[in-house]
Amino acid sequence: MSNGMMRAAVLEKPLSIALKTVQRPVPGPNDALIKVHCIGVCGSDIHYYEHGKIGRYVVESPIILGHELAGEVIQVGDQVTNVTVGDRVAVEPGVTCGRCNFCKSGRYNLCPEVVFMATPPVDGAWSEYVAIRSDFLFKLPEDMSYEEGALLEPLSVGFHAMRRGKVGPSDRMLILGLGPIGLLAIQAAKLFGVTEIIASDVVPFRREMALKLGAAAVINPLQDNISEQLSLLTGGDGIDVIIESSGNSQAISDTIRLVNRGGRIVYIGLPTVDQIPMDMNLLIDSELDVYGVFRYANTYPAAIQALKNSDIDLRQSITHKFALHDVQEAIDVARTRKDTSIKVMIYPDNDHVEK
């Protein structure tokens with residue numbers, strides 16, 4: 001393969017993905033070229049694969065998916081000063097304008113001009129190389145693996161949720177929905193000092209994983225009366241903060257009656273419907289604080305620093321590893337084996353896949 005080409009998994013249309021030889025990206029003066037070590041499979045990748053769109057973002061031409069990645073800097077533009085060739089880095093996949101009011105106020109995740117990997121028409125990182133503006137690269141400590149670097153992206157959603165919910169060590173927390181985001185939210189909560197974490201999901205494997213990652217207790221919402229269980233598990237003290245990551249309409253609606261008066265609710269999971277009934281009288285009477293989460297902002301440096309001083313291993317959520325040429329199998333596992341898979345990781349270099 002020539003120096004100007006690379007392998008990439010290209011989504012040509014819904015349910016059709018193929019490994020192709022494509023042009024390697026060329027870094028600009030403020031960019032760095034990254035040799036990708038590993039990339040996670042996200043729920044959004046699966047949604048684009050199955051449906052070809054998410055809301056207003058529609059796959060209208062072939063696209064490379066994937067945005068949870070870490071790798072090695074192999075080339076830098078002549079204006080780059082923050083990273084050098086050979087650096088191991090995590091990649092924050094959303095490049096913002098840096099000029100609008102959202103960017104200047106620190107809420108750059110709301111930037112209307114953001115260019116986010118694997119969001120049509122922008123290519124992602126299921127490939128051997130990516131080029132990105134260097135200020136969205138973060139050096140990994142020597143004792144942090146590439147896998148942990150890639151997992152900083154989904155961890156950041158939970159980290160941002162903790163900040164939005166003003167979470168602290170004294171809070172009693174309920175996390176609804178234990179997909180990768182909900183499970184990593186458990187670890188994010190631990191980084192914020194939370195010890196009383198109750199987690200809820202319908203899948204037994206995910207409840208077991210929640211306990212492994214640090215939840216104090218788990219609930220099966222199909223069998224248990226959640227209100228009664230929460231009262232029992234908290235000694236009647238109830239829940240101060242709810243992190244809703246399931247996207248289930250009924251779970252979203254129920255949050256208002258499951259949290260304490262004066263409590264906080266953080267919504268992460270996207271429902272399949274635009275409107276969900278809410279008991280507004282109860283919300284107002286309880287003086288609840290309600291927050292939405294859209295991706296994250298300013299999380300990577302803080303998360304790296306927090307992880308350096310903790311015993312948390314993000315790799316515990318990785319259940320499957322595949323080479324890039326096995327991308328179809330990776331997708332199939334992520335979309336059809338939710339009872340046994342959490343985070344599926346893809347490796348462009350076959351030698352990096354643990355046998």
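User: In which loop is the place of K166?
Analyst: Helices (H or I, at least four residues) and strands (E, at least two) are DSSP runs, numbered from the N terminus. K166 sits in the loop between helix 3 and strand 13 (172-176). Its phi is positive, about 50°, although K166 is not a glycine. This is a predicted model, where local features need pLDDT of at least 70 and side-chain atom pairs count only at pLDDT 80 or more, while totals for chains, interfaces and linings use all residues. Residues are numbered from 1 along each chain as its sequence is written, and side-chain values use heavy atoms, with hydrogens and water left out.

User: Which residues does a cis peptide bond join?
Analyst: The bond between P120 and P121 is cis, with omega about 5°. P121 belongs to the loop between strand 10 and strand 11.

User: How do helix 3 and helix 9 cross?
Analyst: Axes are lines fitted to C-alpha atoms, for helices over the stretch in contact, and angles run from 0 to 180 degrees between N-to-C directions. Helix 3 (residues 146-164) and helix 9 (residues 300-308) have axes that come within 10 Å and cross at roughly 95°. The two helices are therefore roughly perpendicular to each other (65 to 115 degrees). On the helix 3 side, L152, E153, L155, S156, F159 and R163 make the contact (heavy atoms within 4.5 Å). Helix 9 brings Y300, A302, A303, I304 and L307. By class, this contact of helix 3 with helix 9 has eight nonpolar, one polar and two charged residues; Ala, Val, Leu, Ile, Met, Phe, Trp, Tyr, Cys and Pro count as nonpolar, Asp, Glu, Lys and Arg as charged, and the others, Gly among them, as polar.

User: At what angle do helix 1 and helix 10 cross?
Analyst: The axes of helix 1 (residues 43-51) and helix 10 (residues 327-336) cross at roughly 105° and come within 10 Å. Helix 1 and helix 10 are therefore roughly perpendicular to each other. I46, Y49 and E50 of helix 1 meet Q328, I331, A334 and R335 of helix 10. Four nonpolar, one polar and two charged residues form the contact of helix 1 with helix 10.

User: How many aromatic pairs does a search of the whole structure find?
Analyst: A pair of aromatic rings is described by the distance of the centres and the angle of the planes. The search finds four pairs in the whole structure. In one of them, the ring centres of Y108 and F136 are 6.3 Å apart and the planes are at 80°, so the pair is edge-to-face (centres within 6.5 Å, planes over 60 degrees apart). Y108 is in the loop between helix 2 (101-104) and strand 10 (115-116), and F136 is in the loop between strand 11 (129-133) and strand 12 (137-139). The pair thus links distant parts of the chain, 28 residues apart.

User: Which residues line the largest cavity?
Analyst: On a 1 Å grid over the protein atoms alone, a cavity is a set of points where a 1.4 Å probe fits but cannot get out, and lining residues have an atom within 4 Å of a point. The lining of the largest cavity is E92, G94, T96, Y108, N109, V114, F116, R295 and Y296. Of these residues, four are nonpolar, three polar and two charged.

Definitions and conventions
1 Å grid on protein atoms, 1.4 Å probe; cavity = no way out; pocket = protein on both sides within 12 Å on 5 of 7 lines; lining within 4 Å. Parallel < 35°, antiparallel > 145°, perpendicular 65-115°, else oblique. Phe/Tyr/Trp six-rings, centres within 6.5 Å; stacked < 30°, edge-to-face > 60°.
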